[in-house]
Amino acid sequence: MTSAAGVLALLGERGESLAVAESLTGGLVAAELTSVPGASRSFRGSVTVYATPLKRDVLGVDGDLLAARGAVDPEVARQMAAGVRRVLGADWGVATTGVAGPDKQDGKAVGTVYVAVSGPDGSENVAELRLNGGRTDIRRESVRSALTLLSAELGKNARAQDTEQNGGN
């Protein structure tokens with residue numbers, strides 16, 4: 001269930017909400033989600049923080065971290081996902097940051113991407129991607145990867161809730 005429709009259906013069944021923080025994808029994750037009829041039942045909104053200082057000022061990403069490592073970093077992605085959850089009041093946060101090209105950024109090669117998910121129970125996961133192709137390909141694959149990571153986290157969270165409800169068995 002890695003499609004936007006599948007993720008939104010699962011969130012809707014659970015009565016949970018989603019917010020997205022995007023850098024290199026520039027709103028493509030939000031566009032994919034909002035292309036699904038009824039997305040507003042679960043999708044709270046998105047923040048496109050393309051400029052590095054906005055990651056700090058809007059989402060609360062640590063400024064020292066940004067100064068030391070740049071915006072293309074797994075911890076930055078994690079903090080973006082947690083920050084968008086907090087800022088937009090959502091159960092789940094998803095973030096994308098990386099280098100779509102044509103030039104490398106912060107010493108990171110084109111195709112270096114981090115996608116992150118932050119969940120309601122404190123669960124967090126970051127995936128590092130090394131993508132090939134042109135700018136459009138990298139951005140499109142980043143969207144797909146963000147939705148796939150969210151789907152996997154939703155699945156893990158559902159299994160944990162099921163185990164809790166069934167007395168740990």
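A residue counts as buried when its relative accessible area is under 20%. The legends below refer to a predicted model.

**View 1. Helix 5, residues 74-88.** Helix 5 comprises 15 residues. From first to last C-alpha it reaches 21 Å, close to the 21 Å expected at 1.5 Å a residue. Its buried residues are Val76, Ala77, Gln79, Met80, Ala81, Ala82, Gly83 and Val84.

**View 2. The two ends of helix 5.** At the start of the helix, the backbone nitrogen of Glu75 lies within 2.9 Å of a side-chain oxygen of Asp73. Gly89 follows helix 5 and has a positive phi, near 65°.

View 3. With residues up to four places away in sequence not counted, Gln79 touches Leu59, Gly60, Val61, Asp62 and Leu65.

**View 4. Val58 in the loop between helix 3 and helix 4.** Helix 3 spans 52-57 and helix 4 spans 63-69. Val58 counts as partly exposed because its relative accessibility is 34%, a value in the range between 20% and 50%. Neighbours within four places in sequence aside, Val58 is in contact with Val47, Val49 and Val87.

**View 5. Val58 and Arg140.** These two residues, Val58 and Arg140, are 82 residues apart in sequence. In space, the separation of Val58 and Arg140 is 25 Å, C-alpha to C-alpha.

Conventions. Residues are numbered from 1 along each chain as its sequence is written. This is a predicted model: local features need pLDDT of at least 70, side-chain atom pairs count only at pLDDT 80 or more; totals for chains, interfaces and linings use all residues. Side-chain values use heavy atoms; hydrogens and water are left out. Helices (H or I, at least four residues) and strands (E, at least two) are DSSP runs, numbered from the N terminus. The expected span of a helix is 1.5 Å times one less than its number of residues. Buried means under 20% relative accessible area, exposed over 50%, partly exposed in between (1.4 Å probe, protein chains only). A polar contact is a pair of N or O atoms within 3.5 Å; within protein, one must be able to donate a hydrogen and the other to accept it, and residues adjacent in sequence count only if both atoms are side-chain atoms. Contact means heavy atoms within 4.5 Å.
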